[in-house]
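Please read the following report alongside the sequence and the model, which is a predicted one.

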Amino acid sequence: NQSVPYIVTTITGIIEFWVEYYFFPEQKNSHSIMYVGAVICVCGVVLRAAAEVKMEANFSHVIRKEKSGSHQLVTTGVYSFFRHPSYTGWFYYCIGREVVLMNPINFLFSTFMN
């Protein structure tokens, strides 16, 4: 299932945040790190949204193994810079989320799971 890595990294990220906040609250208060993470998140969301807009009717959240008759290959816009801008945007959103939460363990976990 496509959403399993997202669900797992979200749950483990929430757990890590609260455990670290309980034991090391002073390490969860760097606003500059949170701002950097927020910028990464926003860039990821914007990239993903641009990909969905550019794909128009070709976009689907379901991964297809075969080409549908009406689908066309999109190679302009963000697709001229990224092979999979929707997935790339989602990846950066997930990484940025962990930077915002200042979760070093789940940052590494999300990097490999997403």
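## Serine 110

Serine 110 has a relative accessibility of 0% and therefore counts as buried. This serine 110 is part of helix 4, which spans residues 104-113, and, once its neighbours within four places in sequence are left aside, serine 110 is in contact with Thr9, Ile95, Arg97 and Glu98.

Methionine 102 sits in the loop between helix 3 and helix 4, and it is buried because its relative accessible area of 12% falls under the 20% cut-off. Most residues other than glycine have a negative phi. Methionine 102, by contrast, has a positive phi, near 55 degrees.

## Helix 2 against helix 3

Two packed helices are described by the angle between their axes and the distance between the axes. For helix 2 (residues 31-55) and helix 3 (residues 85-100), the axes come within 7 Å and cross at roughly 160 degrees, and because angles over 145 degrees count as roughly antiparallel, helix 2 is roughly antiparallel to helix 3. The crossing in which helix 2 passes helix 3 is left-handed.

On the side of helix 2, the contact is made by Ile33, Met34, Gly37, Ala38, Ile40, Cys41, Gly44, Val45, Leu47, Arg48 and Ala51, while helix 3 contributes Pro85, Ser86, Tyr87, Thr88, Gly89, Trp90, Tyr92, Tyr93, Gly96, Arg97, Val99 and Val100. Divided by type, the residues of this contact of helix 2 with helix 3 are 15 nonpolar, six polar and two charged.

## Helix 1 against helix 3

Helix 1 (residues 4-23) packs with helix 3 at an angle of about 10 degrees, their axes being 11 Å apart, and helix 1 and helix 3 are therefore roughly parallel to each other. The contact involves Tyr6, Thr9, Thr10 and Gly13 of helix 1, together with Trp90, Tyr93, Cys94, Arg97 and Glu98 of helix 3; the residues of this contact divide into four nonpolar, three polar and two charged.

## The nonpolar core

In soluble globular proteins, nonpolar side chains tend to be buried together. In this model, the largest nonpolar core has six residues, namely Leu47, Ala51, Met55, Val74, Val78 and Tyr79. One of these core residues, Leu47, also belongs to the contact of helix 2 with helix 3, and, leaving aside its neighbours within four places in sequence, leucine 47 is in contact with Val78, Phe82, Pro85, Thr88 and Gly89.

How values were computed: Residues numbered from 1 in each chain as written. Predicted model: local features only at pLDDT ≥ 70, side-chain atom pairs only at ≥ 80, totals over all residues. Heavy atoms only, no water. Axes fitted to C-alpha atoms, helices over the stretch in contact; angles between N-to-C directions. Helix = DSSP H or I, 4+ residues; strand = E, 2+ residues; numbered from the N terminus. Parallel < 35°, antiparallel > 145°, perpendicular 65-115°, else oblique. Left-handed = near helix turned anticlockwise from the far one by under 90°. Contact = heavy atoms within 4.5 Å. Nonpolar A, V, L, I, M, F, W, Y, C, P; charged D, E, K, R; others polar. Core = buried A, V, L, I, M, F, W, Y, C linked by side-chain atoms within 4.5 Å. Buried < 20%, exposed > 50% of the residue type's maximum accessible area, 1.4 Å probe, protein only.
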